[in-house]
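This report describes how two protein chains meet in a single model. Please consult the sequence and structure shown below while reading.

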Amino acid sequence: MDWRSIIKRATLALMVAGTLLSLSACTGDPVPASGNVGNVELRDLVQGGARLVDVRTTAEFQAGHISGAENVPVDGIAEAVAGWDKSKPVVVYCQTGSRSLNAMGYLTGQGFEHVYNLEQGLAAWDGELAEGEASGPASPASNDGPTMYAFMSDG
Amino acid sequence: MKPVVDGLKKKYSGTYDIRVLNTSTGGADVERLASQYGVQYVPTFIFVDSAGNQSGFVVGEVPVSTLERELSKLD
């Protein structure tokens, strides 16, 4: 084989590799098993049934939170998660991503298999915020003890 | 029913978590929960045990004894 053939083959291989790389960039990276995520991944995870947890204080939560989130302040997380299903994905967030990073580390250390942290926190959230008290966890599973939900209206 | 539910909240404080969800003003959070539990009419009362299993579903303005009976099943 002469050097011209070698160069041609190498060039062809590089072109194929480049095409494959650009294709994977277009389709996007899959969500990791655990780790930091952005707004798009958070929405995908929640839509897929992940538990969404706001680890800020109650006052911060009531002032504005992502719809569907339950409030578990980070200093009370150990007690709150005691009965949670560790195989179910959990997404945590706070204002800037730092308290929730600690929460993610704790949950991971406790054996939770899929834990995600909204990397830049609520500060970079691009959706609307709900106000007021948590209405309960977005998922039917409740670990707050026996609960009665009374759905009522003003009318 | 609100006075009845408020009375239950006081009576069973510390035993059962009784949450009033206003479908008129609760917003997306309440809508989502209502949808997940299949709530179509108000008032509707959903009973969930500590393991997250739904144990009761009561629709309408029922006697307080009915709600207390469902609550007792959560023990």
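## Strand pairing between the chains

Strand β6 (residues 147-152) of chain A runs parallel to β1(B), and six bridges join the two. Strands pair if DSSP finds at least two bridges between them. Within this pairing, F151(A) has L21(B) of β1(B) as its bridge partner.

## Basis of the model

The model is predicted: local features need pLDDT of at least 70 and side-chain atom pairs pLDDT 80 or more, while totals for chains, interfaces and linings use all residues. Residues are numbered from 1 along each chain as its sequence is written, chains are lettered from A in the order in which they are written, and side-chain values use heavy atoms, without hydrogens and water.

## The interface

Chain B contributes 37 residues to the contact and chain A 26 residues, where contact means heavy atoms within 4.5 Å. About 2800 Å² is buried between chain B and chain A, with 55% from carbon and sulfur atoms; this is the accessible area (1.4 Å probe) lost on putting the two parts together, summed over both.

The side of chain B that touches chain A draws at least two residues from each of α1 (2-11), β1 (17-22), α2 (27-37) and β2 (44-48) of chain B. The most, eight residues, come from α2(B). Helices (H or I, at least four residues) and strands (E, at least two) are DSSP runs, numbered from the N terminus.

## Confidence

Chain B has a mean pLDDT of 86, with 97% of its residues at 70 or more; pLDDT is the predictor's confidence in each residue, from 0 to 100. The model scores ipTM 0.96 and pTM 0.51.
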